[in-house]
Amino acid sequence: MQKYISEQNLNTLIDTLIAAGTRVVAPRMSAGIPLYEPLENSAEMIIDQLPRRSAKEAFFPVCEEIMSYEKEGQQVKINDVDPSRFPETVLVGVRPCDAAAIPVLDAVFSWDYKDEFFLERRRKTTIIGLACTAADDACFCTAVGLSPAETRGSDLFLTPLNGGGYACQSYSEKGEALITTNSNLFSELNNAAPLPLAAPQADKIDLKKVKSWLDGHFEDPLWDGIAVRCVGCGACAFVCPACHCFDIVDEGTEKAGKRRKSWDACGFWKFTHHASGHNPRDLQPKRYRNRIMHKFKYYDDKFGQTLCTGCGRCVRICPVGIDIAAIVEEISNKEIS
Amino acid sequence: MPLTSQPIDTSIYTTITAAIRSEASRLFTAGEVVAIIGYAAARRVGSAQPIIITNAADAEKLIFTHACVNNLAVYLTKAKKEIPKTGKIGVVVKGCDLKALVGLMGESQLKREDLYLIGIPCNGVLGSTVQPATALTTESIASKCCDCNSHLPTGCDFVPNVALPPGLQMESRYSVEIARLEALTPAERWAYWKEQFAKCIKCYACRQVCPFCFCEQCLCDRNKPQMVDTTPRPAGNTAWHIVRAMHLAGRCAGCAECERVCPMDIPLNLLNRKMAKELKELYDYEAGFEVNDKGPLTMFTEKDDQSFIK
Amino acid sequence: MCDTTNTNIYLPYLTTVAEVIDETPDVRTLRLVFQDEQIRNTFSFRAGQFAEYSAFGAGEATFCIASSPTRRGYIECSFRSVGRVTEELRRLEVGDSMGFRGPYGNSYPIEEFYGKNMVFVAGGIALPPLRTLIWNCLDLRDKFGDITIVYGARAEADLVYKRELQEWQERADVRLVKTVDPGGNGPEWDGKVGFVPTILEETAPSAENTIALVCGPPIMIKFTLPVLEKLGFSDEQVYTTLENRMKCGLGKCGRCNVGNVYVCKDGPVFTAKQIKAMPMEF
């Protein structure tokens, strides 16, 4: 179904949803930076900036309670967290790189054991994607086979039109339903041309070739070369739309507390450190190698997907200028023996 | 901040780049250093990244531009020991970076004779390299550069012979912001920091780039006992940032790397500058100028302020 | 088994500590009984599987299930107190509550071992992952040929399951060869003196129709595999278990991988052939 929605009607849609008790998450300014956060009203939404963190946190929050405990003498009482408490949510203005990462994450959270914290939110969320009309030279979605008009992961997809408003295409029943229940806000698409989309910033990389090189180069001087600069923080993983490693910790007192799941990063030395003192990834090059391997080989081996959508956030924020796009390009240019 | 942004002259950086390259080449040829830590251009337009070179041929890779923001001292401290330590190391330093080296020497983390310091006459660098292709202006310049008192590093082994263009008068953004916060009520101030710390995602970029965060194992990475909650939540975030600020008081010389690298834009150097201001007022001490054996918080003199004893 | 649909996969079962056994000065075995009667009656697992054990307030730690699946009604774990969680688990007393999440991971393909001779080679604290299978085999004794156990530790005091070693030693249908590193033997020591690989070579079990199961510190494994090879064991005949830092145990949290192999899902039991195909990252 393809429709037209004006900017004003999009705002009305957001305000109507909020009034009806739906959680609407969209880019908004939060203590000076753009983040995907629940809106209080449509006026808070900003669509001209890529949020500092990706949309994954709408499904996989930075930190969340997975249970709580209370101790009384020798007895312990465990309180479950009921996933059905997660609110119906509409995510608005999601960039193609962020939306495309969500189905990638579905694979890990739904294979074998089902992580209902992720999956229940996923079921209850409608994603409204938004085509990109601007990009910078850190963006490389086109290198990993996506584009500023990529609709993967979106239930509804908005393309800004010349003269204002958006072409709105639905890609799922959820998207369809949102249009149907708010049909007064949508109209037939006229013949207005879409605004020019962001120009591609990077040439398509042959990811199969990258993977075949990685298959044979667990040991390679490349890793030392890159990671000698790496300072071992977790910034790249935390701003990444596809990184999903997490920690589980108990926090509280002797008497009561909560067990929490929170974002973790393979760049930290502590990530794989055994209590015995042994650490299989004891040096930064091994940790950085794992980052690249996980994204472009291991995840592909396991789930047939690439764990990178080219959003460029890690490139922009790396304290020491490590540029994953440049690394993957370098790998793609290597001779495969 | 001035209402209109004015361009800042960075033309000397071209001359400086040429001078660094020829000096680096000379050093390797003469066998005076085994490695040089400097800056090189990277893929993105205008960007620069740290590089460690070990031979004269690579000297051509070295650059200095207003995107050369990193404090390379971090590559010399204990926690990041993957750098060759088999001989004298050359380091490219701006005045602000040098202060960190001076502090590290004072704390016996480095020896002056192990380093060959290539000082940079610096007219300022970018505040953020999220978009490196940004011209240097009174607006885009790093806050630390606005009230810089060390444009020309002293005591280096080599400093390119260039004349610094006359500096523009810029208001000290930190002083303004500290004054603003000091004028708030404690509750308002608390609300401000609470909002800022709420953004923290515990990526520890601030810790990892800090030349002074050289503890072999950070208190926050220890769990016996778990002093600071690890999850990015208000309690653990606040605890971490307070621990950090206190641990750096009297040591931090204001390279502001913590603030630059924070992906969530938490004004971390503001805390550090406030600490520095307190230290200046209480002990007339300013970090980073002399190789002191002990900072004011690690020694006692009878002249020390006792007013906290009530 | 944990239900895999529509439930909180991170939620542990509650168990009660039924028995505390000190194996060595720093290794302790806990016997746990599920508090929920239904789970107590229906819970089952296979030898080789592991679990997440929680000390509430400290967190979870990963160990194998050390008891045999043939012994119903309880499970046992043995651990050395080295970290925050294990120190907290060590403070638990009989009657205290503890969390248990599992069983997870693959297991020894015991049915494939029927009719074969079994050689168990273990070092130090690494006996628990084999003990589950040893008892499993002993409880189904007529399904197996000869059973040989070569077990060593640094010193006498470091040998775990001492009462069981005694029992195995006394049984006619088990050959137990116990050893301590040179210098680790006291005046009463009735076993061998020497490193496990050396003693294994000396013991020289036949490789014919035999499965070898090896568990120990990396250095022991490193020197044991060539000995087995020398004795004629192929890499398919040799099994081991890996341990890596884990948090979820469910193939999600991303830290236990060795290359593209998730120890929590694809392991912890691997053949030597599989281990040799992995990158050196464990």
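1. Domain bounds are those of an automatic or database domain assignment. On that basis, chain C is divided into domain 1 (13-104) and domain 2 (110-241). The centres of domain 1 of chain C and domain 2 of chain C, taken over C-alpha atoms, are separated by 24 Å.

2. This is a predicted model, in which local features need pLDDT of at least 70 and side-chain atom pairs count only at pLDDT 80 or more, while totals for chains, interfaces and linings use all residues. Residues are numbered from 1 along each chain as its sequence is written, and chains are lettered from A and ligands numbered from 1 in the order in which they are written.

3. Along the principal axes, the C-alpha atoms of chain C fill a box of roughly 50 × 45 × 35 Å.

4. Of the 282 residues of chain C, 53% count as buried; a residue is buried if 20 or more other C-beta atoms, placed from the backbone, lie within 10 Å of its own.

5. Two residues are in contact if their C-beta atoms, placed from the backbone, lie within 7 Å. Not counting residues up to four places away in sequence, C:Leu213 touches C:Phe120, C:Val121, C:Leu130, C:Leu133 and C:Tyr239. Among contacts in chain C between residues at least 6 apart in sequence, 69% join residues at least 24 apart.

Terms used. A residue is buried if 20 or more other C-beta atoms lie within 10 Å of its own, exposed if 12 or fewer, and partly exposed in between; C-beta atoms are placed from the backbone.
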